[in-house]
Amino acid sequence: QVQLVESGGGLVQAGGSLGLSCAVSGMFRSVYSMGWYRQAPGKQRELVALISSNNTTYADSVKGRFTISRHNALNTGDLQMNSLKPEDTAVYYCYADIVVPGVPGYKDYWGQGTQVTVSS
């Protein structure tokens, strides 16, 4: 079984910073891309940032404030969030597409989600 375990998040005042981390564990062959999505109450889940071997993508709303990074040897990923705004409040989910034994192609995996709350 493959698991994505998130850490970080919490409560911060507007203008502050928080970091999220995600670790991939279990039986897998390789991780193609890792990223972060978020879902605020009453809204659809949206992409925040995604990183693969040759590309990094950010939502327009977080460009210049958030930085995604990845440690391939450790199969971990991080999201550094600076200059946080109340509208960044959401549950943040780690995502990865992974090659697992016996399954062709890549399979999507999600973390359990971690709450980020930004107070005004």
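Searching the whole structure turns up four salt bridges. Keep in mind that this is a predicted model, and let's go and see some of those pairs. Side chains of opposite charge can pair when their charged atoms come close.

**Stop 1**

Select Arg38 and show its side chain. Is Arg38 buried or exposed? Its relative accessible area is 6%, and anything under 20% counts as buried, so Arg38 is buried.

Glu46 and Arg38 form a salt bridge, and their closest N and O atoms sit 2.7 Å apart.

**Stop 2: over to Arg65**

Leave Asp88 on screen and select Arg65. Which kind of link do the side chains of Arg65 and Asp88 make? They meet in a salt bridge, 2.8 Å from N to O. This pair also links distant parts of the chain: Arg65 is in the loop between strand 6 and strand 7 (66–71), Asp88 is in the loop between strand 8 and strand 9, and the two are 23 residues apart.

Now show the whole group at once: through shared partners, the salt bridges join Arg38, Glu46, Arg65 and Asp88 into one network.

**Stop 3**

Hide the side chains and look at the backbone. Most residues other than glycine have a negative phi, and most peptide bonds are trans.

Click on Asn75. Its phi is near 55°, a positive value in a residue other than glycine. You'll find Asn75 in the loop between strand 7 and strand 8. Asn75 has a relative accessible area of 23%, so it is partly exposed.

Then hop along to Ser83. Ser83 isn't a glycine, yet it has a positive phi of about 50°. Where is Ser83 found? Look in the loop between strand 8 and strand 9. Ser83 is partly exposed, with a relative accessible area of 39%.

**Stop 4: Met27**

Select Met27, in the loop between strand 3 (18–26) and strand 4. Met27 reaches 60% relative accessibility, which means that it counts as exposed.

Which residues does Met27 touch, leaving out those up to four places away in sequence? Select Gln1, Val2, Val100 and Pro101 to see them. Try the distance tool on Val100: the C-alpha atoms of Met27 and Val100 are separated by 6.8 Å, although the two are 73 residues apart along the chain.

**Stop 5: Ser53**

Ser53 is waiting in the loop between strand 5 (46–51) and strand 6 (56–58). Ser53 is at 68% relative accessibility, so it counts as exposed. Leaving out residues up to four places away in sequence, Ser53 touches Tyr32 and Arg70.

Now draw a line from Ser53 to Gly111. These two are 58 residues apart in sequence and 21 Å apart in space, C-alpha to C-alpha.

**Last stop: zoom out**

Switch to cartoon view and look at the chain as a whole. How many helices and strands does the chain have? There are zero helices and eleven strands. The radius of gyration is 14 Å, close to the 14 Å that the globule rule gives for 120 residues, so the chain is as compact as a globular protein of that length.

Color by burial next, and 40% of the 120 residues count as buried. The accessible surface comes to about 6500 Å², with 49% of that belonging to carbon and sulfur atoms.

Finally, show the contacts. Of those between residues at least 6 apart in sequence, 56% join residues at least 24 apart. If you color the charges, there are 9 positive and 8 negative ones, and their mean positions are 2 Å apart.

Key. Residues numbered from 1 in each chain as written. Predicted model: local features only at pLDDT ≥ 70, side-chain atom pairs only at ≥ 80, totals over all residues. Heavy atoms only, no water. Helix = DSSP H or I, 4+ residues; strand = E, 2+ residues; numbered from the N terminus. Rg over C-alpha atoms; globule rule 2.2 N^0.38 Å. Buried < 20%, exposed > 50% of the residue type's maximum accessible area, 1.4 Å probe, protein only. Contact = heavy atoms within 4.5 Å. Areas by Shrake-Rupley, 256 points an atom, 1.4 Å probe, with all protein chains shown as cover. Lys, Arg positive; Asp, Glu negative; His and termini not counted. Charge placed at Lys NZ, Arg CZ, Asp CG, Glu CD.
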